[in-house]
Amino acid sequence: MSLHEYKDFVGTLAGICTILQFFSPAFMCLDFIKAGSTENADVMPFIGGLVLSILFVQNAILIKDNIMLYVNAFALVLGVIYLVLYFFYTKNKVKFYLKLSKAAIFIAVIIGYAQRESKDVVQFRFGLIVTFILLALIASPLISVNEIIKTKNTSGLPIPLILSGTVVSFLWFLYGVIIGDLFVQVQNVTAFFLNAFQLGLLGYCKLSKPVKSASVKKSKKSD
């Protein structure tokens with residue numbers, strides 16, 4: 001029995017898990033809705049997610065994969081909703097417009113390239129571009145890894161996204177193996193290890209945090 005026989009099952013499972021992952025930003029939305037402001041919420045994860053969704057839709061069209069197309073089309077719809085909510089609650093509309101405009105120009109350039117490039121090489125080159133963008137976004141929280149280790153402060157690491165990303169990237173890697181797509185494999189095996197490293201970092205910081213002694217607690221109670 002070959003792995004190809006499991007293509008639909010693995011693809012559907014990966015799609016369901018990915019769709020569930022797409023709801024992770026909803027928790028961030030709930031936070032700034034409760035606060036009535038996006039003061040402590042960066043817009044870039046929302047814009048980055050929207051950019052990736054559009055590029056993955058284009059990539060799915062190029063490789064003619066309906067499962068990936070439907071999943072990422074759904075992600076695109078959610079991404080637009082998240083961005084509209086952010087816009088509604090942000091006070092700095094000018095900054096929002098500037099970042100969104102830069103993202104729109106970037107998308108237009110990449111999609112325009114995909115439309116004009118030769119069919120013989122576009123799938124490979126576009127897949128390469130999407131891979132670099134995806135891995136850059138996943139690895140972005142690790143820019144401050146030294147600071148995280150020193151302070152043991154992991155508040156900058158999006159735990160729900162990391163946990164769900166670990167599972168989702170493994171499933172898509174397996175799907176990539178089944179369909180024989182090298183870029184899907186490389187994207188997701190690298191994403192899996194990046195997410196796994198962040199999980200390990202979370203565990204390390206949690207275990208290495210200093211624990212208050214009982215005597216300190218008693219002294220506080222006596223006060």
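This is a predicted model: local features need pLDDT of at least 70, side-chain atom pairs count only at pLDDT 80 or more; totals for chains, interfaces and linings use all residues.
## Two helices side by side

Let's start with helix α1, which covers residues 7-22, and helix α4, which covers residues 66-89. Two packed helices are described by how their axes are angled and how far apart those axes lie. Here the angle is about 5° and the axes are 10 Å apart. Angles under 35 degrees count as roughly parallel, so α1 is roughly parallel to α4.

Which residues of α1 and α4 make the contact? On the α1 side you'll find Gly-11, Thr-12, Gly-15, Thr-18, Ile-19 and Phe-22. From α4 come Ile-67, Val-71, Phe-74, Ala-75, Leu-78 and Tyr-82. Sorted by class, this contact has eight nonpolar residues, four polar ones and no charged ones.

## A tilted ring pair

The structure holds 14 aromatic pairs. One of them is formed by Phe-46 and Tyr-86, and this pair is tilted. Centre to centre, the rings of Phe-46 and Tyr-86 are 5.6 Å apart, with 45° between their planes.

The pair also ties together distant parts of the chain. Phe-46 sits in helix α3 (residues 44-63) and Tyr-86 in helix α4, 40 residues apart.

## The second largest pocket

Tyr-86 turns up again in the second largest pocket, which holds about 200 Å³ of space. This pocket is lined by 13 residues, and the closest to its centre are Thr-38, Tyr-86, Thr-90, Asn-92 and Lys-95.

Which helix gives the largest share of the lining? That's helix α5 (residues 93-116), with three residues. By class, the lining of this pocket has four nonpolar, four polar and five charged residues.

Conventions:
Residues are numbered from 1 along each chain as its sequence is written. Side-chain values use heavy atoms; hydrogens and water are left out. On a 1 Å grid over the protein atoms alone, a cavity is a set of points where a 1.4 Å probe fits but cannot get out, and a pocket is an open set with protein on both sides within 12 Å along at least five of seven lines; lining residues have an atom within 4 Å of a point. Grid points are joined across faces, edges and corners, and a volume is the space filled by probe spheres set on the points. Helices (H or I, at least four residues) and strands (E, at least two) are DSSP runs, numbered from the N terminus. Ala, Val, Leu, Ile, Met, Phe, Trp, Tyr, Cys and Pro count as nonpolar, Asp, Glu, Lys and Arg as charged, and the others, Gly among them, as polar. Axes are lines fitted to C-alpha atoms, for helices over the stretch in contact, and angles run from 0 to 180 degrees between N-to-C directions. Angles under 35 degrees count as roughly parallel, over 145 as roughly antiparallel, 65 to 115 as roughly perpendicular and the rest as oblique. Contact means heavy atoms within 4.5 Å. Rings of Phe, Tyr and Trp (its six-membered ring) pair if their centres lie within 6.5 Å; planes under 30 degrees apart count as stacked, over 60 as edge-to-face and the rest as tilted.
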